[in-house]
Amino acid sequence: MDGPIPGAQRTPEPRSPKSREELILSIAGGAILLFAAVAIIVFLGLRGSEEGNADEPPSTDEVEMTSTSPSSPLPTPSCETLISSGNVEVSVAHPVSATIKGAQFAVETIVPEQDAWNYPADRSDVAVWVCGTVVNYAIALEPTPENEGLMTSLTPGERIRLQLANGTVLPFRFVGRQEVPAGDEGVLAQRQPGLTLILAEGDVWQVATADYVAEEDPAQAVSSEPSAQLGQPVRAGDARVTVREGHAERADGLPAGTMYYLVEFSVQNVGDVPLPTGLFSMRLRDALGNTYLVSPSASEAGDHGPLSGEIDPGASADATAGYLVPDPLSAGPITWSFSPRPGSAEEMTIGIPYESVIGTAVAQVEVTVDDAFLDDEVLIVVGKVRNGRGEPLTVETADVTLSSTGGTSELMAAAPPLPWSIEPGEEQVIELQYQRPGTDSALLELLGYSFEIAGLE
């Protein structure tokens, strides 16, 4: 097709400015670190906003869009708790350790079955967090005599601390304990900020409650001051760790604006018992203070790959810890933290110099969708593609798809006609036309970006 799409300049049925704004969606890049106290305020505020707009009738021609990728350069955890409203969506960091009367517990995540959960039989020596409880954190301890004695020994006013995956430490003050029937839904109530400790065993559960201490600084973070440099061995518990190298790698198939950062290291077991590598906590912090968690797929791209199994006493292992980070990554010192288990006080940090290679990097391609509307039985999507690379960008028909539960929709027309050739630093305004899908929502994917278009029925 050599000319504009027929109907491309057609103005859809009039609608309110507010409704039009709901169709405009922007992509927010980079990692979002959210403190729990802020999450509570946002959560309550968004609920109120949604309730306040519940009576507004939708326009029959309007569609709504939300972005699903790229949302953050962080790898997706096994349990992801999102707070969202309209086009705003934030992932809340999950707990990784709890400190009670000086005793530290690694915290793992469980996603319980509806109306039926207990301390999982396949876990031991760890606490478990009930996925989704981010206002009142519900933490179950292993039902052992030692943990029962620990809960019984708590006195009013004692501090309990919960560390999140992003390094934030949340303080709580013990209030009291009680016994409740097994499976009591009240222990998971999210009415006010707090922490609930649970010994879930038998017909009666032991429950301890603690209030969030707002007057303390909730943004305490694990220190990122380096304790060693590249090539310098440093000990963390029974592990002697040496970081050989840190380097950035770009790979095909990654979301736009992201790359891998790989830490090549070795670890020696200097203790008397095997070291379980599955408990190792390894975090990367960039010059802006953003924290990244290990990505197994990124680790596979390194020289040695990820660790697995156990390391016998006296033995050593070479490995790669890989992370999905923004591309380009901010220049400045990087710190890599290692501890033998999450939340352990036996943590070491390695300083890794890093200079941004933005001049030679494959810089990000930016995609935005500015509008989407129905013209009879045709879905029209209008947006932009910006080429931030140092070389021309070619977009083929295969790079653009619209799919739904009914299958993949056929592209009827595009303006300008595909393929698109976009020069470095240039921006191309685009328009896509699809036959109206027979479902309420569809997913538009373009160069690694995804946009959900809803309200199609």
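Contact means heavy atoms within 4.5 Å. In this predicted model, residues 24 or more positions apart account for 67% of the contacts with a separation of 6 or more. Local features need pLDDT of at least 70, side-chain atom pairs count only at pLDDT 80 or more, and totals for chains, interfaces and linings use all residues. Residues are numbered from 1 along each chain as its sequence is written, and side-chain values use heavy atoms, with hydrogens and water left out.

The protein has four helices and 32 strands. These are DSSP runs, numbered from the N terminus (helices: H or I, at least four residues; strands: E, at least two). Of the 457 residues, 45% count as buried. Buried means under 20% relative accessible area, with a 1.4 Å probe and protein chains only.

Two strands pair if DSSP finds at least two bridges between them. Strand 17 (residues 281-285) pairs with strand 18 in the antiparallel sense over three bridges. Arginine 283 has leucine 293 of strand 18 as its bridge partner.

Helix 4 (residues 296-300) contains serine 299. Serine 299 is buried, at a relative accessible area of 1%. Leaving aside residues up to four places away in sequence, serine 299 touches Val294, Gly305, Pro306, Thr320, Ala321 and Gly322. A polar atom of the serine 299 side chain lies 2.9 Å from the backbone nitrogen of glycine 322.

Note on methods. Buried means under 20% relative accessible area, exposed over 50%, partly exposed in between (1.4 Å probe, protein chains only). A polar contact is a pair of N or O atoms within 3.5 Å; within protein, one must be able to donate a hydrogen and the other to accept it, and residues adjacent in sequence count only if both atoms are side-chain atoms.
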